[in-house]
Amino acid sequence: MPTYKYQLSEPQSEIISSHASRIVVCAGRRFGKTWVSGSMMFEESTKKAERPKKTWFISPTNAQSRENMWRDWMDRYIPLQYYERKEKEMYAKFYSTKSEVYLKSADDPEHLRGSGPDFVIFDEYRDQPKGTYDIVYPATTDKGKDHKLLIISTPNGYDEFYDLAMKAKRLQESGNKNWAYFHYTSIEGGNIEEEEIEQARKTMSPKMFAQEYLASFETMTNRIYDGYTESINSNSKIDALIREVNLPHDILVGIDFNVNPMTAAIAFSIPDAELKERIIFFDEISEKNSSTQALCDMLKKRFPGKNIITYPDPTGKKRQTSSIVGKSDFDIILSNGFKVCSPYAPYQTRDKFNTVNASLMNAKGESRVFISATRCPHLVKSLNGYSYNDKGEPDKTSGLDHISDAMAYLICYRMPFLHKNRIYIPKILGI
Ligand SMILES: Nc1ncnc2c1ncn2[C@@H]1O[C@H](COP(=O)(O)OP(=O)(O)O)[C@@H](O)[C@H]1O
Ligand SMILES: [Mg+2]
């Protein structure tokens with residue numbers, strides 16, 4: 001029998017000490033969810049039992065099982081002398097008990113077959129396909145076995161994990177000893193620095209922060225840019241400011257290349273001691289049956305003598321929207337004497353939306369981006385109306401995506417909250 005010792009935080013100890021056979025844990029990011037899952041798996045596999053136990057650990061993807069449990073947990077915390085392991089299959093068998101562990105992934109239904117496990121762990125259930133619990137559940141119902149289930153996740157709105165969490169809470173409260181429900185914020189986990197929380201407050205919208213770090217079930221509206229609030233980001237003070245201010249030399253232009261419509265969101269920057277800068281969108285272009293060159297002509301006419309800095313759709317580096325053979329959209333902009341600011345890699349859609357929402361209002365209540373409702377009616381309509389469809393994908397059929405995309409390219413480049421230390425390497429062409 002191994003006597004290997006590891007230390008759990010207080011909330012983790014509460015979870016592992018539960019006598020319930022169905023345990024649902026709702027906890028924030030980096031609470032230590034995967035860690036406590038590993039500990040429970042280890043404990044179940046090594047404790048004295050009448051017969052060997054079989055544990056399934058299910059992650060949303062195979063890569064997550066390998067990364068988060070096989071490498072980051074088992075490699076580090078279970079000494080090799082305790083178990084034999086098959087690398088490729090991510091299978092482990094403990095010498096002392098003959099108990100087995102299988103690491104699986106929810107995105108491959110083949111992975112979820114097999115004969116009755118005694119203990120099933122669903123890690124980060126919110127990212128697992130709908131119905132995964134129902135697919136696995138029958139495998140845990142053979143007679144004469146006391147199956148145990150651990151469903152652990154950060155919340156994601158009112159989804160299937162919410163239903164399971166509320167079921168567990170309700171049954172626990174009604175005195176059913178089989179079910180247990182635990183809820184912890186990231187801070188309660190004790191593994192996260194105050195600095196990281198502070199950073200998250202700055203870079204996330206209030207709802208996103210509440211969901212990810214306070215583990216709260218939030219109504220995520222269908223609106224993609226639900227960080228936009230007309231009374232905050234487009235109040236009458238913005239129009240007054242635009243009227244009073246002298247237009248700076250630098251005119252910032254986010255561009256979405258599209259023939260119908262060709263769109264641009266036009267802004268200037270005001271330096272800010274605390275936030276570095278505020279960006280004011282004071283003009284826009286949304287032209288049907290247009291071209292990249294026509295857009296450049298319009299900008300030159302509207303802003304003579306100004307320094308025009310563009311933030312185009314990064315894919316325009318190679319793409320040719322207009323009919324000029326051999327010239328990319330970037331080439332056309334550069335040949336008009338404008339600057340082009342673009343990252344090497346396109347922005348990830350999710351990051352793009354998060355960055356814009358956090359710039360409109362972060363969890364500290366700070367707003368960095370403002371839009372004139374009178375001068376940018378298309379942009380305001382897009383911020384209010386661009387939504388997710390029933391499948392949870394951005395609904396591009398509405399045509400509301402273009403001008404807010406144009407705005408997003410500008411914001412993501414100038415305020416890259418979420419891209420630091422990642423794929424994001426800004427590059428300025430033409431200077
Ligand atoms: N009991 C513990 N002892 C030491 N480190 C821990 C413990 N629990 C969690 N951690 C550390 O905290 C971090 C977050 O843990 P993890 O389980 O990955 O969180 P989650 O799955 O909730 O996002 C990891 O770096 C992990 O090493
Ligand atoms: Mg985890």
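**Figure 1. Contacts between domain 1 and domain 2 in the predicted model.** In this predicted model, 10 residues of domain 1 are in contact with 12 residues of domain 2. Domain 1 covers residues 10-213 of the chain, while domain 2 covers residues 230-429, and the C-alpha centres of the two domains lie 42 Å apart. Between them, domain 1 and domain 2 bury about 840 Å², and 59% of this area is on carbon and sulfur atoms.

**Figure 2. Polar and charged pairs that join domain 1 and domain 2.** The count between the two domains is 5 residue pairs in polar contact, taking pairs with both residues at pLDDT 80 or more. The count of salt bridges between domain 1 and domain 2 is 1, and Lys364 and Glu198 bring their side chains together in a salt bridge, with a distance of 3.1 Å from N to O.

**Figure 3. The side of domain 1 that touches domain 2.** Two elements, helix H7 (194-203) and helix H8 (206-213), each give two or more residues to the side of domain 1 that touches domain 2. Helix H7 provides the largest share of this side, with 5 residues. Sorted by class, the side of domain 1 that touches domain 2 has 4 nonpolar residues, together with 3 polar and 3 charged ones.

Figure 4. For Asn191, by contrast, the side chain takes part, with one of its N or O atoms 3.4 Å from a nitrogen atom of ligand 1.

**Figure 5. The salt bridge between Asp75 and Arg85.** A search of the whole structure finds 18 salt bridges, including the one between Asp75 and Arg85, in which the closest N and O atoms are 2.9 Å apart.

Terms used:
Residues numbered from 1 in each chain as written. Chains lettered and ligands numbered in written order. Predicted model: local features only at pLDDT ≥ 70, side-chain atom pairs only at ≥ 80, totals over all residues. Heavy atoms only, no water. Domains from an automatic or database assignment. Contact = heavy atoms within 4.5 Å. Buried area = accessible area lost by both parts, 1.4 Å probe. Salt bridge = Lys/Arg side-chain N within 4 Å of Asp/Glu carboxyl O. Polar contact = N/O pair within 3.5 Å; in protein donor to acceptor, adjacent residues only side chain to side chain. Helix = DSSP H or I, 4+ residues; strand = E, 2+ residues; numbered from the N terminus. Nonpolar A, V, L, I, M, F, W, Y, C, P; charged D, E, K, R; others polar.
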